[in-house]
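Have the model open while you read.

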Amino acid sequence: MTNPLFSAAGSAAPAVPSAPSAPTAAASAASVPNEEPTASTPSELDTLIKTVAKLRAPGGCPWDADQTHASLVQYLTEESHELIEAIESGNRDEVLEELGDVLYQVLFHADIAAHTSGEDFDIQDVAAAMNQKMVGRHPHVFGDLTLDTADDVVAAWDDFKAQEKPHRTSVLDGIPQGMPALALADKVLGRAEKIGLIEVEAEPSMALGSEDELGPLLLAIVAAARSQGLDAERALRTAVRDLQDEIRGAEAESSAGGDPFDAGVIGTPMQR
């Protein structure tokens, strides 16, 4: 249910107060790290939630009020890429800013849902669902299961997800097909390893010492494709699609009692 406190449907939220010219005792206390917010001093997150609600409420910003989940997708994509760039740059202030931009997108979508018939959930419902998911996927923290290493957790992760989503029948289920081709390829290859279609310990088709070597090699491949009028993104996406077909075929063969290895091991064209 929608919480009126965080909903534009309730009374209009107060405007965010401007900073005073001189620090007050209350302001100084609120700035103390790790201090718990009280009823009289809402957290900064609560204030931001109210800001989103006010912008989308009657009398707020017309542009904000007109947005939908679909219309905001482009901004979510842009903000996510900007956050990645900030993380890779290592700039603390940029990471802080871009995390805020991504958070704002989440709050924006939650407020839209709170006022969309058939959705009727708000940011509190989003947080509750996420908390339930994380507790359920970490029985080694919140339950009696013992997993001592990160590798142990990775090995058990699929079982946790399978219990949570029993309707999924393929290791490929849940992979967003709209991912960039390179990221999609990495994800699908990982799933191929899980069903034994690719040997994890197999000798790599080419030796790479570091990402410093890999980057120029990938760039050279794209450059060669471009010079010959080829679309590297489309070519890789097509190859990944073929790999997914091979994975589904191996899964079908395995479920029918066959040997999943009959589908073969994925390699470079020269290895086939």
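How many residues does helix α5 have, and how far does it reach from its first C-alpha to its last? Helix α5 covers residues 92-114, which is 23 residues, and reaches 33 Å. That is close to the 33 Å expected at 1.5 Å a residue (the expected span is 1.5 Å times one less than the number of residues).

## Ground rules

This is a predicted model, where local features need pLDDT of at least 70 and side-chain atom pairs count only at pLDDT 80 or more, while totals for chains, interfaces and linings use all residues. Residues are numbered from 1 along each chain as its sequence is written, and side-chain values use heavy atoms, with hydrogens and water left out.

## The whole chain

The protein chain has eleven helices and zero strands (DSSP runs numbered from the N terminus: H or I of at least four residues for helices, E of at least two for strands). Of its 272 residues, 21% are buried (under 20% relative accessible area, with a 1.4 Å probe and protein chains only). Take the contacts (heavy atoms within 4.5 Å) between residues at least 6 apart in sequence: 60% of them join residues at least 24 apart.

## Around α5

Buried residues of α5 include Glu98, Val102, Leu107, Phe108 and Ile112. The helix's buried residues pack against α2 (44-56), α3 (62-66), α4 (69-89) and α6 (123-136).

## Two partners, two angles

Start with α4: its axis and that of α5 come within 8 Å and cross at roughly 160 degrees (axes are lines fitted to C-alpha atoms, for helices over the stretch in contact, with angles from 0 to 180 degrees between N-to-C directions). So α4 is roughly antiparallel to α5 (angles over 145 degrees). Among the residues making this contact are Leu72, Leu76 and Leu83 of α4 and Val95, Leu99 and Val102 of α5.

Now α2: the axes of α2 and α5 come within 10 Å and cross at roughly 55 degrees. Where they meet, the residues include Leu48, Ile49 and Val52 in α2, and Leu103, Leu107 and Asp111 in α5.

## A buried glutamine

Gln244 lies in helix α11 (residues 232-255). Gln244 counts as buried because its relative accessibility is 7%. Leaving aside neighbours within four places in sequence, Gln244 is in contact with Leu172, Gln177 and Val188.

How values were computed
Buried means under 20% relative accessible area, exposed over 50%, partly exposed in between (1.4 Å probe, protein chains only). Angles under 35 degrees count as roughly parallel, over 145 as roughly antiparallel, 65 to 115 as roughly perpendicular and the rest as oblique.
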